[in-house]
Amino acid sequence: MKLTKKEQALLDGKHGLGLKKAIEILVALGQIYGAKEMVAVTSAQIAGVSYKNIGDPGLEFLRDWADQNARVHIPAFMNPAGIDRQLWRQLGFPEEFAQKQLEIIEALKRMGVRATLTCTPYHIGIVPQKGEHIAWSESSAVCYANSVLGARTNREGGPSALAAAFCGRTPRFGLHLHENRLATHRVLVNCQLKSSADFGLLGYVVGKKIGNGVPFFHGIDLPADETARIVCLKALGAAMAASGAVALYHIEDFTPEAISYGERMIKQNAAVIEIQYLEDARIVLNQQGNQIDLVTLGCPHASLEELRVIAEMIGQRQLKKPLWIATSAIVREDARANGWLEIIERAGGKVLADTCMVVAPLEEMGIKYIATNSAKAATYLPSHQAAVVRYGTTEQCVQAAINGHF
Amino acid sequence: MSILTGRVIFSGKARGKVVKSDLPISFFGAVDQKTGIIKEPRHPLQGQSIAGKILVFPHAKGSTVGSYILYALKKNNVAPAGMILEQCETIVAVGAIISEIPTVDQVAIDRFQTGDVVRIDEGEIKIEKKSDC
């Protein structure tokens, strides 16, 4: 791998042990994947923040790296943590878990990573442009940035995204190269997608079928309304990234690279898949029974518009079961300013910032029966949280919180 | 004595007895962080310690948190002395670097068996003593 003078100096340890370790990680990844050089990245999004996921070994590693004076050189943002920093006591999160979580956030802050604690940085103004190289690591954010925004990132792990943030670089391989962004599968969608939950089901099916391939969708009818469209695209990508390892998709006549290159964005020998119905996937994700302990929305993190829609669905009614909507602190404050937070809270719902149902210690809190509108959450909750999941549209989920059963 | 060469993932020297698995290893959930003993039920290495050994295996599987588990093993002084793989992916690569465990991949692991004594010197591997068993 060809290194610049600056990169070689980092490798020689001239900028300290912390940065030496960082460039070692990047060089090793470059070697493994056959990169010829590094590419400059403009932002990094750091996963591996929740104490539930990384535990004491992760905390210790991050603390040690911070002690070695490693500091970020490009804008870097944290993925969701395991607690809402404001509400964790009120919500009954375990004290010891919360303390460890706060220590992880503190260690990352010392390294200069901003405590955005969100999986949808594009909802808080972090919007890379088409062709921009970035190093993001949350799987749904990666999928959205690559596909909808046309930026270029691989699926980074927590330490490799941090290493990229320290060095301002990442090895040029995978989705940083145009040839690897060509579609491996044509997906002909021959069924109606009536809600964002249906987009989630489509994503679940396609992710299962193609693993880490790149789909090019034909026949998807996107909502005309821009905010509704974003919700659907977010759900589609998140589900494919959870049931498979899809990091990039194209939609005919819509996504930036499909517009620029048309069918030239599809590999010559691409496989063809036809999707005619989604009911099998619905049966897998939507488990039996109508009992619920919790209704949870916002996976990936809700936008301001989604909070408005949910507030309007609730209106003046009271909730019989807890409803948690996950978002970033910035979006929660915007929802407060617009009066939507008050509507949700008056009904008995909670808007959680900084965390989500996948990385919060729900299992430890005795929460078992969970309803959600997220195919990503419905994929992970049974294994990560030993939960029994009901899957439905946003409206069905809000209604379930109002009725007390699904 | 035979000499094999591979690709350096994390440089350095190491010497020790081989513990070999023909199946992939998931560090997250499969290895006890405090003792270095493989605890995954039905894994061929279940009950064996990897502490101070040269761990030979095809590749890792499972959660990326595995990198941090290698770090925890190192901090608890029960990390492998070195690692030899067929194909190193990111979990082990990152784990090896942050834990400073000499690691080499692109090596035919059928040349090794548990109990061999092996020396790693950068990308070069010498089998010093074949296992008797």
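## Chain A at a glance

Chain A of this predicted model holds 15 helices and 14 strands. Here helices (H or I, at least four residues) and strands (E, at least two) are DSSP runs, numbered from the N terminus. Before going on, a word on how to read the names and values: residues are numbered from 1 along each chain as its sequence is written, and chains are lettered from A and ligands numbered from 1 in the order in which they are written. Because the model is predicted, local features need pLDDT of at least 70, side-chain atom pairs count only at pLDDT 80 or more, and totals for chains, interfaces and linings use all residues, while side-chain values use heavy atoms, with hydrogens and water left out.

How does the radius of gyration of chain A agree with that of a compact globule? For 406 residues such a globule would have a value near 22 Å, and chain A has 21 Å, which agrees. The radius is taken over C-alpha atoms, and the globule rule is 2.2 Å times the number of residues to the power 0.38. Along the principal axes, the C-alpha atoms of chain A fill a box of roughly 65 × 55 × 35 Å.

## Inside and outside chain A

Of the 406 residues in chain A, 60% are buried. Buried means under 20% relative accessible area, exposed over 50%, and partly exposed in between (1.4 Å probe, protein chains only). Contacts (heavy atoms within 4.5 Å) tell us how the chain folds back on itself: among those between residues at least 6 apart in sequence, 77% join residues at least 24 apart.

The accessible surface of chain A is about 15500 Å², with 48% of it on carbon and sulfur atoms. Such areas come from the Shrake-Rupley method with a 1.4 Å probe, and for residues only the protein chains shown count as cover. Chain A carries 42 positive and 40 negative charges, whose mean positions are 3 Å apart. Lys and Arg count as positive and Asp and Glu as negative, while His and the chain ends are not counted; each charge is placed at NZ of Lys, CZ of Arg, CG of Asp or CD of Glu.

## An enclosed helix

11 of its 11 residues are buried, so α5 is largely enclosed by the rest of the structure. Among the buried residues are A:C143, A:Y144 and A:N146. Their cover includes the strands β2 (44–46) and β4 (135–136) and the helices α8 (226–243), α9 (256–261) and α14 (375–384), which belong to chain A as well. Just after this helix, A:G150 takes a positive phi of about 75°.

## Meet chain B

Chain B has three helices and eight strands, in the order β-β-β-α-β-α-β-α-β-β-β from the N terminus. Its radius of gyration is 13 Å, close to the 14 Å that the globule rule gives for 133 residues, so chain B is as compact as a globular protein of that length. The C-alpha atoms of chain B fill a box of roughly 35 × 30 × 25 Å along the principal axes, and 53% of its residues count as buried.

In helix α1 of chain B (residues 27–30) you will find B:G29, which is exposed at a relative accessible area of 52%.

## Where the chains meet

How many residues of chain A are in contact with chain B? There are 17, and they touch 19 residues of chain B. Together the two chains bury about 1700 Å², 68% of it on carbon and sulfur atoms. On the chain A side, A:I32, A:P57 and A:F61 lose the most area to chain B, together 30% of what that side buries. Buried area is the accessible area (1.4 Å probe) that two parts lose on being put together, summed over both.

## Backbone details

Most residues other than glycine have a negative phi, and most peptide bonds are trans. A:N69, in the loop between α3 (51–67) and β3 (76–78) of chain A, has a positive phi of about 65° although it is not a glycine. A:N69 is exposed, with a relative accessible area of 58%.

In chain B, the non-glycine residue B:E100 has a positive phi near 55°. B:E100 lies in the loop between α3 (90–99) and β6 (103–105) and is partly exposed at 44%. Back in chain A, the peptide bond from A:C299 to A:P300 is cis, with omega near -5°.
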